[in-house]
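Subject: Structure handover

Hello,

Here is the structure I promised to pass on. Please open it and keep it on screen while you read.

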Amino acid sequence: MSTSKRPPPERLSLIAGPLPEPGAVPHAGASPYETVQPAHEGFVERGGVKLWYAVWGDGGPWLAFAPAFQIVHSQMLKSAVPYLSRHFRVITTDGRGSGRSDRPSGQAAYSFEHFHDDFVAVLDAAGAERVALVGISAAAMTVLRVAAEQPRRITHVVTAGGFADSLVSDPKLAQRVQAEGELLHGDWPAYVDWFMGTIFSEPHSTKPYEDGVHYAWATNAEWLGWCRQAWMGQDVRGFARRVQCPTLVIHGDDDRRVAHARGEAIHALVPGAKLLMVGGGGHVTAARDPVLFNRALREFIAGAPQRRLWTRAMKRPRRALFISSAIGLGHAQRDLAIARELRKLQPDLAIDWFTVDPAARYLEREGERIHPITRRLANESRHFERVAGEHDLNAFFALRTMDEVMNHNVMTFLDLMEAEHYDIVIGDEAWDVDYHYHENPELKRQPYVFLTDFVGCLPMEEGNAREAALCADRNADDIEHVARYPYLRDAAIFVGNREDVTEQPFGPGLPGIREWTDRNFCYCGYCLPFDASALADTERLRDRLGYRRDEKIAIAAVGGTAVGAHLLRRIAAAFPRMKRELPELRLILVTGPRLDTEGFAPQRGLELRPYVHNLFEHLACCDLALVQGGLSTTMELVATRRPFLSFPLQRHFEQCVHVRRRLANYAADRSMDYAATLDPEALARRALEAMHQPVRYRPVETDGAARAALRIAQVLDNRG
């Protein structure tokens, strides 16, 4: 066991963040993956050691991942298993010494024979009679041996970053192995830092490095030392020569853990094997280049579909795919406004939508077609709700930890692009598609337009070096993507005006956000989802919506997620004081499509509504709005010139920086610190003051959606 008292390496502290005690077992009741649940899971027991395994997906051929070196566990496959389970029945298992499996003591409990027999026992327990095997790194030795010993059972073999022997015959290698062992037992944090930095050598690999450190913390130096010793001194080259099934070798030519020559050796040993060399790739393709890895496995093991349709070019109808961010409803509403303007310019253009609830529900109600494949998508709003605190959401870390969701959804998108023809893809803050298009530019098959209403992730916690460093790294990655492939976005549209973009830098040594946006985006102005002049007659609007003229209407709304529940409760607590001062006041709490209304006590004059379609109509005739700090709702209130208070989510860089800057440009920054809502009397007093405060907002442009649609139409027509 490591007894080092040295402080952890700077990189580990800066990137990985807080860590539990080494050896912490992942929560038994939680899935290793956020976007998929196991069809079956359980334990296999061998010699008193329980080995966890799970089956993912309930149809298709069998596919099994052998456990790799126990410094990681099966969660490392979070970018692969959720997608592959759509095409295969996938088996994962944690090796003894890590993950959800037992951690026996003593070297005798750890040997290559145990690792091999454990894996075969899992295959038997899962019922996999004919199965394809995948071995990453050291696990390549396991799958090569199983394939040689059970040729009738194994249909395919894939190795990735693998090797066929772990003999230590070269003196330089022996020195390296000895130094590595001394580091492992002498300074566990330093060993983990070195190991993860070695296997994730590609630029901007901070997220897989962070994940890897956390996986390593599920074991410790003592257990891992026994595992390491068990993997050493093995030679399965004889088994490799006997493998009869189709074999694919994947290896990065910049793998700094296992030289690519070791992958070349497997390719030479296995008769008829194929080799996929990843130029510039490191050790773990499954984590760092998941699109390549997933598609390579699917195509190699499943082969071409048994049935497909190809339509002659001139018989293909003109179609657009509109990807609309489902975090809240604002994106869907403005995207629908753009789509309607686009249809005026291109009447024969059919539009399919690629999104999930609550956006999908809204669009369906407006008569739009949601593509059926979107039933496979993971829900972004659910992820944001899971990581939020009490009116607190660090938006940067919420995006950063959404990598599994984004990988899952982009794989679904790519399946659709492969199966169907679209003349253009329009992505409103489609960060997943945008990132992976830049990482895999060869997959772009049609014109692509990107829209966003903010540029640049910004750190929100003063003195938080980790947040600042990771924000800058994320921004630098985006900047380098666009610089290398400036033509990948056929148009990039900023939904707003130049002055709405902050002049802050992206980070140390990086350009200013506004100057960079000037070079890489066009500005369309804000896109309203309605004609503000049609809502100007508030008395007529109130009559149509059922509000009496002798009552004052206050509306509290928090958007399309459940993150704003605490704010609504604070407002409800302040309402009796407001009602006492203004007896004719009626408060409508709009909880949204994802928040339960049962948690609010009944009050005279208080009305609860779970969902209000086209809420902007109700806001346009209210006497006061109390809202979260999102862009869409606040800008709709500015456009209809209604009094309001907004409460930006704490540590939410978009709401606290980008949105507030834009509202200030319209003389409409009416933001209030959530901490001020602790006192119901103070909140009631401030709300009533806002209701009676004169409105002097600057006008909001009304042609933003038309300007965005025109730019998209120019791309479709190959103009501009």
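Below is what was found, taken part by part.

Before anything else: this is a predicted model.

Start with the largest pocket. It holds about 970 Å³ of space. Its lining has 24 residues, and R308, L309, E418, A419 and E420 are the closest to its centre. Two helices, α12 (290-302) and α17 (403-419), each supply at least two residues of that lining. α17 gives the most, with four residues. Sorted by class, the lining of the largest pocket has 10 nonpolar, five polar and nine charged residues.

Now the second largest pocket. Its space comes to about 700 Å³. It is lined by 25 residues, and the closest to its centre are Q75, D211, H214, Y215 and R386. α7 (206-216) and α17 are the elements that give two or more residues to this lining. Which element provides the largest share? That is α7, with five residues. By class, the lining of the second largest pocket divides into 10 nonpolar, six polar and nine charged residues.

Take the second largest cavity, with about 690 Å³ of space. It has 38 lining residues, and H204, K207, P208, D403 and Y435 lie nearest its centre. The elements that give two or more residues to its lining are α7, α11 (285-288), α12, α16 (395-400), α17, α18 (431-439) and α19 (465-484). The lining of the second largest cavity has 14 nonpolar, nine polar and 15 charged residues.

**A buried helix**

Next, find helix α24, residues 631-639. Why is it called largely enclosed by the rest of the structure? Because eight of its nine residues are buried. Those are L631, S632, T634, M635, E636, L637, V638 and A639.

Turn to helix α3 (residues 112-126) and helix α4 (residues 139-149). Their axes come within 10 Å and cross at roughly 65 degrees. The crossing is right-handed. From α3, the residues in the contact are F112, E113, H116, F119 and V120. In α4 they meet M141, T142, V143, R145, V146 and E149. By class, this contact has six nonpolar, two polar and three charged residues.

Begin with S381. It sits in helix α15 (residues 380-387). Is S381 buried or exposed? Its relative accessibility is 0%, so it counts as buried. Leaving out residues up to four places away in sequence, S381 touches A326, I327, G328, D357, P358, T561 and R594.

T198 is in helix α6 (residues 188-199). T198 is buried too, because its relative accessible area is 13%, and the cut-off for buried is under 20%. With residues up to four places away in sequence not counted, T198 touches R256 and R257.

G60 lies in the loop between β2 (49-56) and β3 (62-65). At 38% relative accessibility, G60 counts as partly exposed. Again not counting residues up to four places away in sequence, G60 touches H87, F88 and R89.

**Where to start**

Then go to α24 and find its buried residues, including M635. Finish at the largest pocket, with R308 as one of the residues closest to its centre.

Best wishes

Note on methods
Residues numbered from 1 in each chain as written. Predicted model: local features only at pLDDT ≥ 70, side-chain atom pairs only at ≥ 80, totals over all residues. Heavy atoms only, no water. Buried < 20%, exposed > 50% of the residue type's maximum accessible area, 1.4 Å probe, protein only. Contact = heavy atoms within 4.5 Å. 1 Å grid on protein atoms, 1.4 Å probe; cavity = no way out; pocket = protein on both sides within 12 Å on 5 of 7 lines; lining within 4 Å. Points joined across faces, edges and corners; volume = space filled by probe spheres on them. Nonpolar A, V, L, I, M, F, W, Y, C, P; charged D, E, K, R; others polar. Axes fitted to C-alpha atoms, helices over the stretch in contact; angles between N-to-C directions. Left-handed = near helix turned anticlockwise from the far one by under 90°.
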